[in-house]
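Subject: Structure for you, with notes

Hi there,

Here is the structure I promised to pass on.

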Number of protein chains: 2
Amino acid sequence: VTHARLRPASLATDGASVRIIDQRALPAALVERDLRTLDEVVDAIATLAVRGAPAIGVCAVAGVAVAMRGYAASSRAVFLRELDDVAARVTAVRPTAVNLAWAVARAVRRAHATDGDGGAILGALQAEAHAVEHDDVAMSRAIGQHALQLLDNPVRALTHCNTGALATAGGGTALAAIYAAHAAGRDVAVYATETRPLLQGARLTAWELQQAGVPVTVLADGAAASLLRLGTVTSVLVGADRIAANGDVANKIGTYALALAAATHGVPFYVLAPKSTVDADSADGRAIPIELRAREELARCGTVPILPDGVAVWNPAFDITPASLVTAIVTDSGVHRPPYRFADT
Amino acid sequence: VTHARLRPASLATDGASVRIIDQRALPAALVERDLRTLDEVVDAIATLAVRGAPAIGVCAVAGVAVAMRGYAASSRAVFLRELDDVAARVTAVRPTAVNLAWAVARAVRRAHATDGDGGAILGALQAEAHAVEHDDVAMSRAIGQHALQLLDNPVRALTHCNTGALATAGGGTALAAIYAAHAAGRDVAVYATETRPLLQGARLTAWELQQAGVPVTVLADGAAASLLRLGTVTSVLVGADRIAANGDVANKIGTYALALAAATHGVPFYVLAPKSTVDADSADGRAIPIELRAREELARCGTVPILPDGVAVWNPAFDITPASLVTAIVTDSGVHRPPYRFADT
């Protein structure tokens, strides 16, 4: 990746805030904000100021550390009781992306395993927030390297939503493969679906690929099947918000339609995600809860009303792509091929 | 249909203008405009102030009659020569929707078949403009009646783009079936994809169904495959901009993805269009030119910029759905089943 590392969410050195890039303002402006309270952290995740399963995890753990700062002088018992409440509240904000629950649970485990009173445990939480961010960058690097063996030269990849620097601690998941191929000197170009309703493909993926010097072409979600029929796309690369034990994949709404079209036209369909996105407790896609989001996301585009008053919407944030349509799943552990049988990692 | 007939494009009684509903302003406002010159007619069709294959045909013929008004005192030879120029210019505005070329050719044929000088031929053109509009209303009624045999009760239809009153002279194509089922007392509800980039589903279909008292739920284009998997949709109903002799269908971008998902989940996929949409000269979908539209349609939503400056787009207005995915094609002639073999109509 040729640009300096973006840091979508990061615990400030003094532990008093989560410094985020407010992704709602992109591509018009690169706005950084400091979240200083639990309410601000919850709001940032709920409104998609911070989004992307890995980035949400990083932000949530940092947010827990910030929220617990007021309990540094508390007893161990009070601190841990309050921590459980804070953790439960953050975890509930977005139900599908399992990385949120995974990262918060990891921090809670470390807190319980740390001796001493509130001050000592707070220090451990802060260290864990930095560790989660650090590990996420390493995860991206590993995914990118593993994925190189799946990509041809030239690479003409179709991607969906944003799975890049902005969706992680800075390295990407599906876009980590693009950045790795670009860095390796391959001829890389990306087709990005705009990804309605919140346009993460148009606003975020196009922006960060442009910053990195990777050629990118944006298309409407509905145009992707036609593009795949043309035969110029060498692979479809998407991320995941949760992967079931059998390889069924929950990802941004619209992914399933891409997988159907890719299968029809014989284009490899790859899912790239941290191994923390695998949820061995979900036997298959039916076990994964799908978040339904607000009418407002479809009723307006920016400030422009596009829907008559009173008209209903159906606005699921994610869909399930069955494992049978997934050519391979790339995690930081390596390349997984069907039949997928993920156990606890 | 329970609302008074909308007239998206109609030659004024005095022959001096085409009265249109400017569909760019919906759903915020119902704006009518009078187009008094060929330039205004061309601009209205090019910018989708009037859109929908049948409505474009109606508008184009009325526009030709308005444009030729200045030649009422001309000789027959001068009038017919000028008419050929005007007809060629209007026909070129949108290449995929064959109804535009069909309607204009029909008017030109009638002009050549009319005796007398400019004044007499102008009268024939004006009569033809009214006839095209009148015939289009009858076409919608016939499609609606033929389609009833394909629909269950209750009807839970998924549709794409706008194929209703606003896409025709007032009766609809795919939505003619919905209106007929609603008028027949069936339990009807519609799922409408918003239809990026110009949001004809959200802005136009939702609006006119709401006006007609038909329950409608809007979803992102990318959510349709998930909806079809749920099993609640009883049929997919779409229009067409051109139908090849073998039954391949050119329709609004995104239609092909719906057809793939419908086939996967065993949901009948019906195409409803006037027989004038059938182009026997196109042997199959490869013969149909696909209009590429401006970057601006994807770069902005209303006035809100959603794409970084300098990022490329691929913006085809239509896609091709292969005949193998089409359960039946309903025209004003009746219900056609595969294998499709359309000859000149």
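**Cysteines**

Across all chains of this predicted model, a search of the whole structure finds zero disulfides, a disulfide being a pair of cysteine sulfur atoms within 2.5 Å. B:Cys59 is in no disulfide, and its nearest cysteine sulfur belongs to B:Cys161, 17 Å away. B:Cys59 has a relative accessible area of 0%, so it is buried. Buried here means under 20% relative accessible area, exposed means over 50%, and partly exposed is in between (1.4 Å probe, protein chains only). In chain A, A:Cys161 has 8% relative accessibility and therefore counts as buried.

**How to read the numbers**

Residues are numbered from 1 along each chain as its sequence is written, while chains are lettered from A and ligands numbered from 1 in the order in which they are written. As this is a predicted model, local features need pLDDT of at least 70, side-chain atom pairs count only at pLDDT 80 or more, and totals for chains, interfaces and linings use all residues; side-chain values use heavy atoms, with hydrogens and water left out.

**Two helix pairs**

Two packed helices are described by the angle between their axes and the distance between the axes. Helices (H or I, at least four residues) and strands (E, at least two) are DSSP runs, numbered from the N terminus. Axes are lines fitted to C-alpha atoms, for helices over the stretch in contact, and angles run from 0 to 180 degrees between N-to-C directions.

Within chain B, the axes of helix H6 (residues 174-183) and helix H7 (residues 200-212) come within 12 Å and cross at roughly 15°. H6(B) and H7(B) are therefore roughly parallel. Here B:Leu175, B:Ile178, B:Tyr179 and B:His182 of H6(B) meet B:Thr205, B:Glu208, B:Leu209 and B:Ala212 of H7(B). Five of the contact residues are nonpolar, two polar and one charged.

**Backbone points to check**

Two cis peptide bonds in chain A deserve a look. One joins A:Leu26 and A:Pro27, with omega about 5°; A:Pro27 sits in the loop between strand E2 (18-21) and strand E3 (32-35). Another joins A:Asn153 and A:Pro154, with omega about 5°, and A:Pro154 lies in the loop between helix H5 (118-147) and strand E4 (155-159).

A:Leu199 is not a glycine, yet it has a positive phi of about 65°. You will find A:Leu199 in the loop between strand E5 (188-193) and helix H7 (200-212) of chain A, and it is buried at a relative accessible area of 4%. B:Leu48 also has a positive phi of about 65° without being a glycine. Its place is the loop between helix H1 (38-46) and helix H2 (53-67) of chain B, where B:Leu48 is buried, with a relative accessible area of 5%.

**Around H2**

In chain B, B:Ala65 belongs to helix H2 and is buried at 0% relative accessibility. Leaving aside neighbours within four places in sequence, B:Ala65 contacts B:Leu11, B:Leu122, B:Leu125 and B:Gln126.

Beyond four places in sequence, B:Arg69 touches B:Asp14, B:Gly15, B:Ala16 and B:Leu122. B:Arg69 and B:Gly15 are 54 residues apart along the chain, and their C-alpha atoms are separated by 7.8 Å.

In chain A, A:Ser74 is in the loop between helix H2 (53-67) and helix H3 (76-91). A:Ser74 counts as buried at 17% relative accessibility.

Best wishes

Notes. Angles under 35 degrees count as roughly parallel, over 145 as roughly antiparallel, 65 to 115 as roughly perpendicular and the rest as oblique. Contact means heavy atoms within 4.5 Å. Ala, Val, Leu, Ile, Met, Phe, Trp, Tyr, Cys and Pro count as nonpolar, Asp, Glu, Lys and Arg as charged, and the others, Gly among them, as polar.
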